[in-house]
Amino acid sequence: MATKSLKARNNDIANTSRQMEILSNGIFANGELPTFAEKIKETNQFPLRPKKLEILQINLGYMCNQVCEHCHVDAGPDRKEIMTIETMKQCLEVIKKTEAHTLDLTGGAPEMNPNFRWFVEEASKAGIQDFIVRSNLTIIRANKKYYHLPDFFKKHGVHVVSSMPHWTRGKTDKQRGDGVFDKSIKALQELNAIGYGKEGSDLKLDLVYNPSGAFLPGDQKALENDFKKALKNDFDIDFHSLFAITNLPISRFLDYLIASDNYEDYMYSLLDAYNPSAVANVMCTNTLSISWDGWLYDCDFNQMLNLKVASKVKHVSDYNEELLQDRNIIINQHCYGCTAGAGSSCQGVVA
């Protein structure tokens with residue numbers, strides 16, 4: 001289990017241009033497999049265009065208390081990229097005037113941003129319908145200064161979405177590090193204790209599952225039933241929904257695929273599972289991603305590949321929703337991950 005990010009290890013995959021080189025060449029350059037653009041042209045879905053903006057996803061920084069095996073952000077304790085309060089204020093201006101109904105805060109561990117609580121307090125005043133914080137759970141038990149996070153979330157009506165690779169200790173710790181499972185269980189029990197995840201409760205608690213190896217997730221509803229049964233029986237834990245997310249071939253997961261000699265097979269698997277009906281609802285069509293330094297991206301994955309929006313408006317300081325809606329969405333071969341099977345997004349399946 002790595003204890004440092006790819007960036008800190010000077011791994012060449014940490015370089016976004018190297019990732020783009022891998023995704024653009026080889027089996028795609030020689031015609032063995034069609035590019036994503038070629039594939040969606042077959043069903044007259046090229047170019048991809050945004051629909052009505054519904055979700056504003058803001059990355060508060062890449063710092064994290066974990067170094068998870070397949071993290072597409074390459075987050076970790078050594079990542080120092082953190083959103084400043086100046087950029088947060090620019091984001092707040094956008095939140096106040098956007099027509100999006102969902103605000104989605106992510107990281108890294110967004111709670112590690114020193115201005116996280118201030119930002120949540122200010123953003124909660126904007127009247128967003130669904131206010132999501134993506135928590136890795138262990139942050140709640142990482143340090144005394146985070147112990148009150150469940151009560152803080154409750155006070156501001158935060159919808160907690162938490163990563164949970166499996167209902168067993170072995171599979172969870174293998175993907176996320178020793179001790180992660182036990183800390184996650186403790187955090188879930190604390191959230192349950194104040195009303196999160198309970199049937200009929202407005203305090204939403206959802207879990208996120210992504211596979212531990214070079215394979216696609218199973219049926220989301222079946223996985224949810226398995227998680228609910230196991231966590232209830234073993235730990236008396238309740239939650240509302242499970243989101244099954246496909247690992248995209250970027251960053252640490254791309255590094256894993258190459259190191260394990262699974263890259264080409266995985267891309268074949270994604271292509272074999274390609275579902276044109278999922279294309280219409282991929283998250284880049286209703287979501288806008290804002291990076292820790294204020295740049296705008298079609299989605300969180302494009303952010304990690306440094307593929308900024310194809311618009312005259314590229315930074316939150318120049319935000320103009322009308323102009324941003326009139327753009328083509330930037331695509332590449334990693335997009336096959338969002339259109340495989342029932343599709344995949346930060347909100348789970350899309351088709």
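Beyond its neighbours within four places in sequence, Asp238 is in contact (heavy atoms within 4.5 Å) with Asn192, Tyr196, Gly197, Lys198, Leu205 and Lys232. Asp238 lies in the loop between helix H8 (220-235) and strand E6 (242-244). Its side chain makes a polar contact with the side chain of Lys232 at 3.1 Å; such a contact is a pair of N or O atoms within 3.5 Å, where within protein one must be able to donate a hydrogen and the other to accept it, and residues adjacent in sequence count only if both atoms are side-chain atoms.

The model is predicted: local features need pLDDT of at least 70, side-chain atom pairs count only at pLDDT 80 or more, and totals for chains, interfaces and linings use all residues. Residues are numbered from 1 along each chain as its sequence is written, and side-chain values use heavy atoms, with hydrogens and water left out.

An open sheet of 8 strands has the order E6-E5-E4-E3-E2-E1-E7-E8, with mixed pairing; two strands pair if DSSP finds at least two bridges between them. E6 and strand E8 (296-297) are at the edges, each with a single partner strand, so one side of each lacks a neighbour in the sheet. Strands (E, at least two residues) and helices (H or I, at least four) are DSSP runs, numbered from the N terminus.

| Element | Residues |
|---|---|
| E3 | 130-135 |
| E4 | 159-163 |

E3 and E4 run parallel and are joined by 4 bridges, and Ser135 stands opposite Ser162 in E4. Helix H4 packs on the sheet, touching strand E1 (55-59), strand E2 (102-106) and E3.

Note on methods
Axes fitted to C-alpha atoms, helices over the stretch in contact; angles between N-to-C directions.
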